[in-house]
Amino acid sequence: MPHVEISITCYATLSTCEAPGDSGAVHGGSVYPDIEVVRGHVLARNYSLLKENQRKVLKVWCLIWQDFQVCCSGMSLLLTPTTLNPSPQGLRPADPKKVSGELFTLTYGSLVAQLLKDYENVDDVNRQLERMGYNIGMRLIEDFLARANPGRCYDLRDTADKIQQAFKLYLGVSPSIGSWNPGGDEFSVVLETNPLAEFVELPDHCLGLRYSNILAGIIRGACEMVQMEVMAWFIADQLKGDNVTEIRIKFVKRLEDAIPAGED
Amino acid sequence: MAVCVAVIGKENSPLYVWVGSGREELHLHYLAHTGLDVIQEKVAAVSKTPGDTRELYLGLLYASEEYKVFGYTTNTRVKFVIITDAANTTLRDNEIRMMFRRLHNMYTNVVCNPFYIPGEQITSREFDRGVAALVAGN
């Protein structure tokens with residue numbers, strides 16, 4: 001293309017003049033573009049916008065256009081980048097996977113209230129919550145392993161640490177681990193605050209409800225996916241007047257990969 | 001020293017009424033109810049002026065020789081009424097505002113309880129305790 005050197009410089013100038021228009025909008029967010037660069041762009045833009053320079057600008061554009069006509073007449077498709085600079089990263093959308101804590105609490109609350117209305121029997125609701133937790137746990141363990149990359153567990157104490165890590169990661173609370181039994185196969189996870197049960201008061205007719213039973217299910221489901229069978233249940237609940245919320249976890253056995261029936 | 005605290009719902013149904021011990025309950029219930037008329041007048045008056053964001057605290061609704069009645073409304077048409085002794089001049093306007101704000105916070109906590117259906121009576125023990133603290137705190 002005959003006028004390519006000039007055109008590239010002019011194109012560079014002109015296209016970056018468009019960018020400040022956008023990065024000016026981004027300015028309102030958290031991006032503060034380099035002042036010198038912006039000043040340069042603004043000057044170049046103002047130059048090209050002045051009436052007397054319009055002619056020159058148009059001339060350059062004409063030259064570019066002619067170039068394209070000459071070399072691209074045989075082509076049917078032309079790919080070009082829209083700007084020379086990568087798009088500004090300032091306005092990153094909010095992480096779509098994060099939700100407000102209150103929204104989460106209210107959602108869980110309405111879930112439990114609706115289950116109660118549907119089943120009307122407290123034990124059924126407890127069972128359903130545990131089952132739902134189990135399904136969640138089976139899937140959540142993959143995400144936990146990918147995100148936290150915790151590494152192998154060599155004994156139950158490691159497992160307890162990992163569970164503590166998971167609570168921190170997903171619920172933002174730091175439980176304490178304790179009350180190991182002499183055999184070393186049972187322990188307690190103690191929560192000072194339970195984010196699922198903020199603002200909740202159990203009505204008198206469902207005092208047998210294990211409100212946060214979904215957590216027990218999650219622990220059971222997650223452990224099962226890493227070949228450990230555990231039992232998890234609540235032994236203390238702040239909603240029922242205790243000081244802390246306590247989940248007891250008992251290791252039952254290691255799960256060996258079962259050979260499907262019919263294969264040997 | 002508040003003598004009576006009342007939470008009244010959208011349809012003017014009483015959701016929660018607390019009366020101090022040793023006071024004439026019926027008379028105070030009646031006063032709280034008459035306060036509603038005044039609240040309605042005030043709310044209607046403010047909504048006529050366009051572009052005026054409504055102030056939640058409505059101030060002194062009605063003063064008799066024995067009692068003073070203060071009102072507060074929320075954007076969901078739930079009203080709070082506090083009745084105090086007329087003789088008690090130590091309670092300033094600011095303190096009443098603070099009381100209403102705390103009452104509003106306690107009410108929102110009650111509403112966030114998934115087992116509470118908005119519009120029914122408030123039976124929450126936390127709310128009872130909160131109101132007792134509120135009244136005792138002055």
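**Entry 1: the sheet of chain A**

In what order do the four strands of the open sheet in chain A stand? I looked this up in a predicted model, and I read the order as S1-S2-S4-S3, with antiparallel pairing. I noted that the twist from one strand to the next averages 25°.

I then asked which strands of chain A stand at the edges. They are S1 (176–178) and S3 (228–236); each has a single partner strand, so one side of each is left without a neighbour in the sheet.

For S3(A), I looked up the pairing with S4(A), residues 245–254, and found eight bridges in the antiparallel sense. Within S4(A), A:Ile249 is the residue that stands opposite A:Ala232.

**Entry 2: helices lying across that sheet**

I recorded two helices here. Helix H6 of chain A, residues 156–171, lies across S1, S2 (186–191), S3 and S4 of chain A, and it runs at about 20° to S2(A). Helix H7 of chain A, residues 213–225, lies across S2, S3 and S4 of chain A, and its angle to S3(A) is about 165°.

**Entry 3: A:Thr105**

Is A:Thr105 buried or exposed? I found A:Thr105 in helix H4 of chain A, which covers residues 101–119. Its relative accessible area is 5%, under the 20% limit, so A:Thr105 counts as buried. With neighbours within four places in sequence left aside, A:Thr105 is in contact with A:Pro195, A:Leu196 and A:Glu198.

**Entry 4: cysteines**

How many disulfides are there over all chains? I noted a count of zero. A:Cys153 is in no disulfide, and the nearest cysteine sulfur belongs to A:Cys223, 8.6 Å away.

A:Cys153 is partly exposed, with a relative accessible area of 33%, whereas A:Cys223 is buried at 6%.

**Entry 5: chain B in outline**

I turned to chain B and listed three helices and five strands. From the N terminus on, these elements run β-β-α-β-β-β-α-α. Of the 138 residues in chain B, 43% are buried. Among contacts in chain B with a separation of 6 or more, 51% come from residues 24 or more positions apart.

**Entry 6: the hairpin of chain B**

I examined S1(B), residues 2–8, and S2(B), residues 14–19; these strands run antiparallel and are joined by five bridges. Which residue of S2(B) is the bridge partner of B:Val7? I identified B:Tyr16. Five residues lie between the strands of this hairpin, and there B:Asn12 takes a positive phi near 65°.

**Entry 7: the helix pair of chain B**

At what angle do the axes of H2(B) and H3(B) cross? For H2(B), residues 93–112, and H3(B), residues 125–136, I noted roughly 175°, with the axes coming within 10 Å. An angle over 145 degrees counts as roughly antiparallel, and the two helices are therefore roughly antiparallel to each other.

I then listed the residues that meet. H2(B) contributes B:Met99, B:Arg102, B:Leu103, B:Met106, B:Tyr107 and B:Val110, and H3(B) contributes B:Phe127, B:Gly130, B:Val131, B:Ala133 and B:Leu134. I sorted the residues of this contact into nine nonpolar, one polar and one charged.

Key
Residues numbered from 1 in each chain as written. Chains lettered and ligands numbered in written order. Predicted model: local features only at pLDDT ≥ 70, side-chain atom pairs only at ≥ 80, totals over all residues. Heavy atoms only, no water. Disulfide = S-S within 2.5 Å. Buried < 20%, exposed > 50% of the residue type's maximum accessible area, 1.4 Å probe, protein only. Pairing = 2+ DSSP bridges. Axes fitted to C-alpha atoms, helices over the stretch in contact; angles between N-to-C directions. Parallel < 35°, antiparallel > 145°, perpendicular 65-115°, else oblique. Contact = heavy atoms within 4.5 Å. Nonpolar A, V, L, I, M, F, W, Y, C, P; charged D, E, K, R; others polar.
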